[in-house]
Amino acid sequence: MKRNPALALGLLLVGAVIVLSLAAAAIAPYAAAEQHIADRLQGPSPRHLLGTDQYGRDLLTRTLFGGRPALVLGLGAVALGLALGVPVGLASGYAGGRTDEAVMRVVDAFLSFPALLLALLIVTALGATTGHALLAIGVANAPGIARIVRSQTLAVKHEEFVLAARAQGDSHGYVMLGEILPNLLPPIVIEATIRVGFAILAGASLSFLGLGVQPPQADWGLMIREARQYIFLSSWPLLCPGAALAITIVGFNLFGDGLRDWLAARA
Amino acid sequence: MARYVVGRGLSIALVLVLISIIVFAATHVLPGSAATLILGEYATPESLRALEQELGLDRPLAVQYLAWVGGVVTGDWGYSLAMKQPVTAIVGLRLRNSAALAALTLVAVILVAIPLGTVAAVRQGRWLDLAILTGSYLGISVPEFVSGMLLILVLAGPSLHWFPTGDYAPLAAGLRAWLSHLVLPVLALTLVLVAHVVRQTRSGLIEVLRSPYVRTARLKGATERRIVLRHALRNGLLPAVTVIALDLGYLMGGIVVVEEVFAYPGMGRLILYAIQNRDVPLLQVSILIVAATYTVANFGADMLYAWLDPRIRYR
């Protein structure tokens, strides 16, 4: 831990964001949607420690609650990306030959589609909701994950323990799931952690564009979208969710980089 | 080299076809057919069916797809339902605006990131390196809509009104006006991308600086300056070229967000407009253009990479 400040700081930031988001209802001074019309667009005061937004809603409260959709989107989208990408990459790499060639061409086509555009396209087709944003970002993450899992599978599949398992008559399914997959876990975990930060960023971008979390929910991207009109009246509605987003993304990036170095040092 | 170019070219062509299928399929499941959009919600079923027939919407999907692709290839890009004009007439200006934004961003990224990454690598582990690394970490982690709005707040506010808050000026209005509208969007995009390229340049260069041939150059008495600039940078920049190519995809997404923040009329805002107005013909073509640009740019980056590193084209 001492040798790896990135991992320690990343764990601390990610842990803090998760705890604060989970405990939002208990520690927030107000209810998420509570309006104080007389106190609109104010700076910090004893009553509103981080000021208020255009409806007089408490920004500390909304920033705390805003962590929930960010985490749900980030973690959920990466989980979905793994659920889609790992089987495809594993099976394609294991099968090899023409199957692999064909699958990877399709994966390349999706990869050469700018990720945010692919997500935009999916959300447009399905309608703008939090769930669809999660689905869109998950699908946009899947091809990248499939590529990495495939290349790792190729690296492992000619190892002796795989040949031995085949020789003693284990089925292809068992060899993939029981022999190869466990060996791929470290790179998959690193890849997933690093992707969470980007998935949170993508989710916030969709909400900022009006295509993710919908009002009146508290969400960082959406809060920044709403802050736009009033930016010269008060900067707090921009600064609070903006700082929360940056801290969360820094946290996941540090955590992922730290984890990679830690696993590399152990190997 | 010729064989490599042809091989990559063919696979790019295949990818372009797959992309057009993805775009067509995704836009085709959009709720509400084009006929409903044109005639409004209260149209009679008979008139809807008649118009669908006229537009060819009752044909099998594969036929519709082929007709659409055929049109795109021959320059018939369809008719925008929301803007009530041909898509070809709409796209030109936005494409030029986005191209200006992307080109200036790339130039700025290369001019800033490669020197910074080089300095960080040469001063590895010292405070200057740490400062550059910390800065690049922040650059990656602050979304461009946040940094964009901070830039507006500080540099375009009532107190320091150095730049306009948004919109654009045509080049005909003078270079100064044109540039002043581009400075903030370019800065917002540059912050993120510089961070990526700095990290890549730094790690690429550090690896090369440890290699035997650099040691040979040192032993032979070459100055440190000459070693870095003449020997190491040439090979150390290869990973940076890759990351710049990868960042093109990020740039295409970033352009959508940044154009929205600065109300800059480019392809990104056009795509958002088409989405908001459920304008399928406009959406299809504008997304296809951006995705195709990215694919072709990637092809260009591959060629550049192969030219810089002969090992790749002989693989």
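Does R278(B), judged by its C-beta neighbours inside 10 Å, count as buried, exposed or partly exposed? With 18 such neighbours, R278(B) counts as partly exposed, where buried means that 20 or more other C-beta atoms lie within 10 Å of a residue's own, exposed means 12 or fewer, and partly exposed means in between, with C-beta atoms placed from the backbone. The model is predicted, so local features need pLDDT of at least 70 and side-chain atom pairs count only at pLDDT 80 or more, whereas totals for chains, interfaces and linings use all residues. Residues are numbered from 1 along each chain as its sequence is written, and chains are lettered from A and ligands numbered from 1 in the order in which they are written.

View 1. R278(B) is not a glycine, yet has a positive phi of about 50°, and it lies in the loop between α12 (267-276) and α13 (280-308) of chain B; helices (H or I, at least four residues) and strands (E, at least two) are DSSP runs, numbered from the N terminus. K84(B), also not a glycine, has a positive phi of about 55° and is found in the loop between β1 (79-80) and β2 (85-86) of chain B. K84(B) is exposed, with 8 other C-beta atoms within 10 Å.

**View 2. The cis peptide bond of chain A.** P215(A) and P216(A) are joined by a cis peptide bond, with omega about 5°. The loop that holds P216(A) runs between α8 (172-208) and α9 (220-227) of chain A.

**View 3. The largest nonpolar core.** This core, a set of buried Ala, Val, Leu, Ile, Met, Phe, Trp, Tyr and Cys residues joined through C-beta atoms within 7 Å, has 153 residues, and those with the most contacts inside it are L117(A), A119(A), I137(A) and I271(B). Domain 1 (2-73) and domain 2 (94-308) of chain B both give residues to this core, so it lies between them; the domain bounds come from an automatic or database domain assignment. Not counting residues up to four places away in sequence, I271(B) touches L120(A), V256(B), L283(B), S286(B) and I287(B), contact meaning C-beta atoms, placed from the backbone, within 7 Å.

**View 4. The two domains of chain B.** The centres of domain 1 and domain 2 of chain B, taken over C-alpha atoms, are separated by 33 Å, and 16 residues of domain 1 are in contact with 14 residues of domain 2. On the side of domain 1 that touches domain 2, the largest share, 11 residues, comes from α1(B).

Technical notes:
Two residues are in contact if their C-beta atoms, placed from the backbone, lie within 7 Å.
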